[in-house]
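Welcome to this guided tour. Please have your viewer ready, with a way to select residues by number.

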Amino acid sequence: MKEIKKSIMISVFINFSCFLINMITYWLFGKIFLCIKLSGGEWVGYDGFGVMLNKTFPMSTSDISLSGEYWISFEPISLLVTLMLFFIIPFILMKKNRKE
């Protein structure tokens with residue numbers, strides 16, 4: 001039970017820290033630092049630690065210059081994946097160290 005509580009605390013701390021890093025870099029530089037790039041068509045997404053930065057690039061001719069939109073949104077799937085990942089790793093390491 002002790003390992004579970006510690007693993008949860010470690011996971012929440014790491015995820016919250018990385019979420020803050022992503023939000024701060026978005027506010028300062030307009031992009032998120034800790035992310036995975038996803039793309040498709042005229043859209044590019046940067047996904048990491050519960051944050052999704054979306055950018056669209058509309059098709060246009062060389063005569064007409066259009067700028068795309070970008071917005072930030074909450075991404076629960078990436079948050080849950082990283083929460084579980086950073087829970088499992090410390091939990092396994094603590095269990096292994098306890099047996100030795």
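**Before you start.** This is a predicted model, in which local features need pLDDT of at least 70 and side-chain atom pairs count only at pLDDT 80 or more, while totals for chains, interfaces and linings use all residues. Residues are numbered from 1 along each chain as its sequence is written, and side-chain values use heavy atoms, with hydrogens and water left out.

**Stop 1: helix 1.** Select residues 2–29, which make up helix 1. Helices here are DSSP runs of H or I with at least four residues, strands are runs of E with at least two, and both are numbered from the N terminus. Just after the helix, click on G30, which takes a positive phi of about 80 degrees.

**Stop 2: the buried residues.** Now colour the buried residues of helix 1, among them S7, S11, N15, C18 and N22. Buried means under 20% relative accessible area, exposed over 50%, and partly exposed in between (1.4 Å probe, protein chains only). Zoom in on S11, which is buried at 2% relative accessibility. Which residues does S11 touch, leaving aside its neighbours within four places in sequence? S11 is in contact with T82, L83, F86 and F87, where contact means heavy atoms within 4.5 Å.

**Stop 3: F86 and its partner.** The whole structure has 2 aromatic pairs. In one of them F49 and F86 are stacked, at 6.3 Å centre to centre with 15 degrees between the planes. Rings of Phe, Tyr and Trp (its six-membered ring) pair if their centres lie within 6.5 Å; planes under 30 degrees apart count as stacked, over 60 as edge-to-face and the rest as tilted. F49 is buried at 13%, whereas F86 is partly exposed at 22%. F49 also has a positive phi of about 55 degrees, although it is not a glycine.

**Stop 4: F87 and F91.** Finally, select F87 and F91, whose ring centres are 5.7 Å apart with planes at 15 degrees, so the pair is stacked. Both lie in helix 2, 4 residues apart, about one turn of the helix. An α-helix has 3.6 residues a turn, so residues three or four places apart point the same way. F91 is partly exposed, at 22%.
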